[in-house]
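Please examine the sequence and the structure shown below before reading on.

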Amino acid sequence: MPGDWTATIDIYCERVGQAFWAEPVNAITNAAFIVAAALVFLRQRRDGTLEAGSGILLALMAAIGIGSFLFHTVATRWAALADTLPILLFILVYLALTLRRGFGLSWVVAGALTLAFVPASAALASGLSSVVGGALGGSQGYLPAFLALLIVGFILHLRGHQTGGGLMLAAGLFAVSLTFRTLDQKLCAAVPFGTHFMWHVLNAVLLGWLVVIQARMRG
């Protein structure tokens, strides 16, 4: 039923039952987000680059790890929300900070463009779903964020901003992690525990790198 937040979800290769540890590899690799956030926090505190924006992003990284752990253990609709909401918030906060710091826009304009990104990305993801169906393994929802990262990085690079190349590098890493996420179900026969865990590991590196780049924008 639509309102049943305790309904179970089974969409990953590794899950073959309803037990708490039915996805051990997918669950445990979420620790990568916590470790990456801690390492960046310690580095920025040592270098004197830790500030409010970084603090919010690092807290969201930790929330992503916790939320994803819940989803890959209890695997319910409410756990799915705990998984996706911190990811969405990270994307929106990062976009707003980049528009403000990288492009020098006012907070009002940066905030308005960030809010506009939500329906635009939803429309793009919906359009992709209708065109490719299940070919992307549910990863189409992340393609707007990938495109935004690539386009923003390219524009900043053309403008001679020191962080443009770093953002394009991040987009390349994002493309690799998306590939692993997309191939999870398709490679079940060859890889019984799937490839989704690499989405976690690579994205932990990706998000940590993005926080480091964000601090450079401020500088």
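Predicted model: local features only at pLDDT ≥ 70, side-chain atom pairs only at ≥ 80, totals over all residues.

Helices are DSSP runs of at least four residues, and they are numbered from the N terminus.

The account may begin with the cysteines. How many disulfides does the count come to? The count comes to one disulfide, formed by Cys13 and Cys188, whose sulfur atoms are 1.9 Å apart. This pair connects distant parts of the chain, its members being 175 residues apart. Cys13 belongs to the segment before α1 (24-28), whereas Cys188 lies in the loop between α7 (164-183) and α8 (196-218). The surroundings of the two cysteines can also be described. Cys13 has a relative accessibility of 7% and therefore counts as buried, because buried means under 20%. Cys188, with a relative accessible area of 23%, is partly exposed.

Charged side chains come next. Side chains of opposite charge can pair when their charged atoms come close. The structure contains four salt bridges. One of them joins Glu23 to Arg15, with an N to O distance of 2.6 Å, and both Glu23 and Arg15 are buried.

Another salt bridge pairs Glu51 with Arg101, and their closest N and O atoms are 2.8 Å apart. Glu51 is located in the loop between α2 (31-47) and α3 (52-71), while Arg101 is part of helix α4 (residues 77-101), so this pair ties together parts that are 50 residues apart in sequence. Are Glu51 and Arg101 buried or exposed? Both residues are buried. Salt bridges with shared partners also join Arg43, Arg46 and Asp47 into one network. Arg46 is exposed, its relative accessible area being 62%, and Asp47 is partly exposed at 42%.

The backbone deserves attention as well. Most residues other than glycine have a negative phi. Ala75 is not a glycine, yet its phi is positive, at about 55 degrees. This alanine is found in the loop between α3 and α4. With a relative accessible area of 0%, Ala75 is buried.

The final topic is empty space. Rolling a probe the size of a water molecule over the atoms shows where such space is left. The largest pocket has a volume of about 590 Å³. Its lining consists of 34 residues, and those nearest its centre are Ile87, Ile91, Tyr142, Ala145 and Phe174. Which elements each supply at least two residues of this lining? They are α3, α4, α6 (143-158), α7 and α8, and the largest share, 10 residues, comes from α4. By class, the lining of the largest pocket comprises 25 nonpolar, seven polar and two charged residues.

The second largest pocket has a volume of about 320 Å³. It is lined by 15 residues, of which Ile87, Leu88, Ile91, Gly141 and Tyr142 are the closest to its centre. Two or more residues of this lining come from each of α4, α5 (107-132) and α6. The largest share of the lining of the second largest pocket, five residues, is given by α5. Its lining residues divide into 10 nonpolar, four polar and one charged.

Technical notes:
Residues numbered from 1 in each chain as written. Heavy atoms only, no water. Disulfide = S-S within 2.5 Å. Buried < 20%, exposed > 50% of the residue type's maximum accessible area, 1.4 Å probe, protein only. Salt bridge = Lys/Arg side-chain N within 4 Å of Asp/Glu carboxyl O. 1 Å grid on protein atoms, 1.4 Å probe; cavity = no way out; pocket = protein on both sides within 12 Å on 5 of 7 lines; lining within 4 Å. Points joined across faces, edges and corners; volume = space filled by probe spheres on them. Nonpolar A, V, L, I, M, F, W, Y, C, P; charged D, E, K, R; others polar.
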